[in-house]
Amino acid sequence: MSTTTRPTAFSVADLQLVQQYALCERDSWEADPTQPIWSAMRREAVEAVERDALMAGQINAAILRHASFADGLAARIAHKLADGDFGEPCMAALATEAIADSPSIARAAARDLMAVRDRDPACRDLITPFLFFKGFLSLQSYRIAHWLWLRGREHLARQIQSRTSEMFGVDIHPAARVGCGIMIDHGTGLVIGETAVVEDDVSMLHGVTLGGTGKQGGDRHPKIRRGVLLGAGAKVLGNITVGEGAKVGAGSIVLDSVEPHTTVVGVPARPVGEKLTDMPAFTMDQMLPGPDYVI
Ligand SMILES: CC(C)(COP(=O)(O)OP(=O)(O)OC[C@H]1O[C@@H](n2cnc3c(N)ncnc32)[C@H](O)[C@@H]1OP(=O)(O)O)[C@@H](O)C(=O)NCCC(=O)NCCS
């Protein structure tokens, strides 16, 4: 007789719980603006388990067990960031405390999640980035570290920054200021410095650096205005401004401020093409504007 055992990623109890959760959508959600997204995620979660029962354990623990987006978010962050120094219950209590004290963390996360779903052509639902995407998960970890930093709990903020870097390959200084509706695609190699500002609705790909030149102290990092698209590997250096709706080509090194709705490319980056009329971060349009001549 074969001694091969079945994978144990879920139990029969997990599957029974999924069925119960599918029936028990709460009817009193109070005024939680993240409720619709959590309801949609719970429906996606049940469908995912119906397609593949091996997902039941993870999906129960990460989504269906939790009554709200805030609770689920705290649990997911804790599960990812726990280590030998700070176990999962401790991390969960910390993330729950941060989100309860500052509900804008959960609201920003919900907008980030929708940004990924809407802008990433490789993403078809909400639960995929919530469970798996390094860009989304690292950004939410940063939001907890930033909350700690603002309260003077700098060493714990550094613990979360360090653990986020280990887990996701993303290094965002806890003092940096990052808006919401942010899509970080792939995530790997992203670095955002201490005095950087990233406004709402920005999209960036892997390998982006928002760093200093090494020649300035104090406020020395870039300011990225709303709706900017930063291509893979773009290095934006110094206390310069990338204007609203601008686009930075992959592999560019940006050393001077960029006018709004302008595309820059190259090393060092120079403006090319015509003024953009839209917000490239929303469309993820990485095409260069066409030449202004006809052959
Ligand atoms: C190279 C560096 C140190 C600047 O050195 P510098 O001698 O003071 O240079 P300047 O700023 O005066 O620029 C001199 C020329 O080099 C160009 N230049 C500067 N940095 C450059 C870079 N990284 N790549 C290509 N060209 C660069 C400038 O455009 C300028 O060109 P120009 O003379 O044609 O106008 C700086 O730009 C740099 O790259 N620092 C590294 C910072 C870093 O890695 N930050 C990440 C932190 S997380």
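View 1. Strands here are DSSP runs of E with at least two residues, helices are runs of H or I with at least four, and both are numbered from the N terminus.

A word on the model: it is predicted, so local features need pLDDT of at least 70 and side-chain atom pairs count only at pLDDT 80 or more, while totals for chains, interfaces and linings use all residues. Residue numbers start from 1 along each chain as its sequence is written.

**View 2. Helices α8 and α9, side by side.** The axes of α8 (residues 134-150) and α9 (residues 154-168) come within 8 Å and cross at roughly 170°. That makes the two helices roughly antiparallel. Axes are lines fitted to C-alpha atoms, for helices over the stretch in contact, and angles run from 0 to 180 degrees between N-to-C directions. Angles under 35 degrees count as roughly parallel, over 145 as roughly antiparallel, 65 to 115 as roughly perpendicular and the rest as oblique. Contact means C-beta atoms, placed from the backbone, within 7 Å of each other. Sorted by class, this contact has 10 nonpolar, 4 polar and 2 charged residues. Nonpolar covers Ala, Val, Leu, Ile, Met, Phe, Trp, Tyr, Cys and Pro; charged covers Asp, Glu, Lys and Arg; the others, Gly among them, go down as polar.

**View 3. Helix α4 meets α8.** Helix α4 (residues 69-81) packs with α8 at about 100°, the axes being 10 Å apart. So α4 is roughly perpendicular to α8. From α4 come L73, I77, K80 and L81, and from α8 come L137, Q140, S141 and I144. The tally for this contact is 5 nonpolar, 2 polar and 1 charged residues.

**View 4. Around the ligand.** There are 13 residues around the ligand, and G211, T213, G214, I253 and P268 come nearest. To be near, a residue needs its C-beta atom, placed from the backbone, within 6 Å. The shell splits into 6 nonpolar, 6 polar and 1 charged residues.

**View 5. H261 in its loop.** H261 is in the loop between β13 (253-254) and β14 (263-265). It counts as partly exposed because it has 19 C-beta neighbours inside 10 Å; 20 or more would be buried, 12 or fewer exposed, with C-beta atoms placed from the backbone. Setting aside neighbours within four places in sequence, H261 contacts G245, A246, K275 and L276. P280 is 19 residues from H261 in sequence, yet their C-alpha atoms are 8.6 Å apart.

**View 6. V46 on helix α2.** V46 belongs to helix α2 (residues 35-51). With 18 C-beta neighbours inside 10 Å, V46 is partly exposed. Its C-alpha atom is 9.2 Å from that of N60, 14 residues apart along the chain.

How values were computed
Contact = placed C-beta atoms within 7 Å.
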